[in-house]
Structures are given as structure tokens and as C-alpha cells.
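Please examine the sequence and the model shown here before reading the report.

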Amino acid sequence: MAGSDVNGPTAAGYQHAMYAALALLGIGVVASLLIQRPEAEDAPVEEEPALVITHH
């Protein structure tokens, strides 16, 4: 297994895990920036719910 030896995990293994996590974070950020927002006319029109105030 990469990053470990007979004595268990090594510093290199943790370093590689951090690099992998950083790469996945970067991919996630780029993917989120590529998501297009819906146009105003395409967005569903939501009516405001009636405000109900009660007192007991």
C-alpha cells in the first residue's frame, strides 16, 4: 500500500492524502463555478405564503 510500511502509516502517506484532498477540493470548486444560474424567466414563480400570527 502506498504511503505505509510494516510499521504503519508514514509521513509521505499523509502528505499524499493531503495532496489528493486538495486536488478534489479544487475540482469541486471549479465544478461549482461551471454551474449556470437559471434565467429569471426560467425560474419558477413562488407566491409568498400568507403570514399567520397566533397567540395562545
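The report below covers the model, its elements, its confidence and its surface.

## Basis of the model

This is a predicted model, in which local features need pLDDT of at least 70, side-chain atom pairs count only at pLDDT 80 or more, and totals for chains, interfaces and linings use all residues. Residues are numbered from 1 along each chain as its sequence is written, and side-chain values use heavy atoms, without hydrogens and water.

## Elements and confidence

The protein contains 1 helix and 2 strands, arranged along the sequence as β-β-α. Helices (H or I, at least four residues) and strands (E, at least two) are DSSP runs, numbered from the N terminus.

The mean pLDDT (the predictor's confidence in each residue, from 0 to 100) is 83 for the protein. Where pLDDT is low, the predicted coordinates should not be read in detail.

## Burial

Of the 56 residues in the protein, 4% are buried. Val 29, in helix 1 (residues 11–34), is partly exposed, with a relative accessible area of 42%. Buried means under 20% relative accessible area, exposed over 50%, and partly exposed in between (1.4 Å probe, protein chains only).
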